[in-house]
Amino acid sequence: VNVRERIAKLEAILARVAERAAGPRETNGGGVAAHAPVDDGAEEPVISTEPVTPLDVELAEQTEEAPMVAEALPAVEVESRERIIAASAAQRAEDREPEPVPISVDERPAAARTAETDAADAPEITVSTVSDVPEVIETAEDEEPPASSRRPIALEPKLEELAFGEAAPVEPGPHTPPPESGRQVAAAPVDLDFEGEFTGVRPREPEAVAVTVLEASAAKEAAPAVLAAEATGAKLSGPAPVIFEGSAPVFKPSTFGELLDATLTL
Amino acid sequence: MADSHPVRFDLATGQVKTGDGERLIVIPLSALDELAETAGVAAANRFARGIGVAIGRRLAQKMGSIDGVRMATLESFVSGLALEIALAGWGSLSMERWGRAMVVLVDHAPVKQPGIVAALVEGAIEAAAGREAHGVALEGGGPARILVASEKTAARARVWTAEGVSGSEVIARLHSGSEAATNERSRV
């Protein structure tokens with residue numbers, strides 16, 4: 001069977017399903033759900049003889065099966081059951097690996113054919129469970145604002161406002177406490193690419209000292225005071241106060257006798 | 001008649017005589033030292049003074065008389081005295097003049113006690129010049145320095161020297177004292 005033949009058969013099945021869906025539905029007034037023969041008995045739908053296998057669907061603990069509206073009405077019950085079966089079959093077809101669909105020339109159950117067509121054409125029908133518990137939408141945890149961002153303003157009313165109403169003194173808007181200071185997260189060492197020259201430890205090169213010539217007055221003010229005596233001598237312009245006359249007597253003996261007399265008179 | 005030689009050794013008779021015929025003896029220094037130790041410093045000084053008197057007499061005799069000595073120049077007197085001291089073996093003599101003070105230097109003296117040398121010089125000058133003189137050994141290293149002075153001045157100089165005053169200081173003090181005394185005399 002090639003693909004074209006398969007498509008042709010599926011189109012035929014789809015056309016029949018569309019015809020049946022467009023036609024009025026007949027109920028037997030609470031009896032056993034049975035499809036009224038539309039055309040002839042050859043085309044009477046037969047429920048699949050295959051045993052209904054439970055779906056391998058894991059349900060959450062807090063989920064419940066959606067109430068079947070079809071249970072209230074027997075006619076609808078059959079229809080719903082068919083849909084359920086069809087849905088389960090369709091889901092099974094989805095879960096199964098894409099195996100070649102064994103389509104035989106023989107008549108297949110209408111319900112099965114309907115499921116197959118629904119799964120192929122109609123928008124995807126998925127079995128969903130309805131939960132009584134209000135749905136909780138999980139959102140990502142609010143990331144803490146960075147330290148540099150503005151702190152959020154607390155929205156709680158102050159006690160003064162609750163007690164005195166509008167007469168409460170107006171104060172500047174409260175702010176939440178500042179974020180706690182903590183250790184700065186160091187950058188990953190992988191991202192760091194230190195080089196020997198940029199580690200911060202390097203010899204200091206002697207800098208050229210700029211020599212500025214100060215003025216003489218400024219240098220005198222800056223220099224420490226050194227006490228030094230400044231002598232002022234008198235200039236004697238007049239005549240000398242004393243006069244030297246003659247010469248000092250010099251003892252110079254010429255003979256031994258003079259020296260002997262001098263030394264004996266000491 | 002006087003011999004031109006100052007010392008004559010007569011081996012036949014075993015006598016040593018001066019040019020004037022005075023007998024001499026040659027004694028070792030150890031004997032002089034032993035005399036100073038046994039007889040005392042005063043006896044040793046007296047012994048040395050006697051030797052000096054003999055030297056002075058010979059000098060005066062050579063110069064003709066005591067007046068010849070007094071009228072002689074310093075150089076001639078020092079030369080004659082130094083010769084006599086050297087012939088006797090008491091060392092090399094010279095003279096210094098410190099102002100008005102006369103200081104006789106004796107180098108290579110045979111004795112260690114400067115007082116003995118001072119006694120020798122004292123006797124020689126007293127005998128040669130015919131005036132009483134006193135020698136005082138001054139403090140100081142090297143040659144013996146003998147100050148020639150009067151008895152009173154020599155006594156003061158010995159006291160100061162015993163107190164450890166240097167020779168120059170002693171001479172300076174003597175000059176200052178004499179000037180003050182001279183000034184007092186002039187005022188009177």
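**Note on a buried residue and a chain contact**

1. Glu84(B) counts as buried, because its relative accessibility is 1% and the cut-off for that class is under 20%. The model under review is a predicted one, and this value should be read accordingly.

2. As to its place in the fold, Glu84(B) belongs to helix α4 of chain B, which covers residues 74–87. If residues up to four places away in sequence are not counted, Glu84(B) touches Ile55(B), Arg58(B) and Lys62(B).

3. The note now turns to the contact between the two chains. Chain A contributes 15 residues to this contact, and chain B contributes 26 residues. Between them, chain A and chain B bury about 1700 Å², and 66% of this area is on carbon and sulfur atoms.

4. Which residues of chain A lose the most area to chain B? They are Phe256(A), Leu264(A) and Leu266(A), which together account for 45% of what the chain A side buries.

5. Charged and polar pairs also occur across the interface. Two salt bridges are found between chain A and chain B. In a salt bridge, the side chain of Arg131(B) meets that of Asp261(A), with a distance of 2.1 Å from N to O. Sorted by class, the side of chain A that touches chain B consists of eight nonpolar, five polar and two charged residues.

Definitions and conventions
Residues are numbered from 1 along each chain as its sequence is written. Chains are lettered from A and ligands numbered from 1 in the order in which they are written. This is a predicted model: local features need pLDDT of at least 70, side-chain atom pairs count only at pLDDT 80 or more; totals for chains, interfaces and linings use all residues. Side-chain values use heavy atoms; hydrogens and water are left out. Contact means heavy atoms within 4.5 Å. Buried area is the accessible area (1.4 Å probe) that two parts lose on being put together, summed over both. A salt bridge is a side-chain nitrogen of Lys or Arg within 4 Å of a carboxyl oxygen of Asp or Glu. Ala, Val, Leu, Ile, Met, Phe, Trp, Tyr, Cys and Pro count as nonpolar, Asp, Glu, Lys and Arg as charged, and the others, Gly among them, as polar. Helices (H or I, at least four residues) and strands (E, at least two) are DSSP runs, numbered from the N terminus. Buried means under 20% relative accessible area, exposed over 50%, partly exposed in between (1.4 Å probe, protein chains only).
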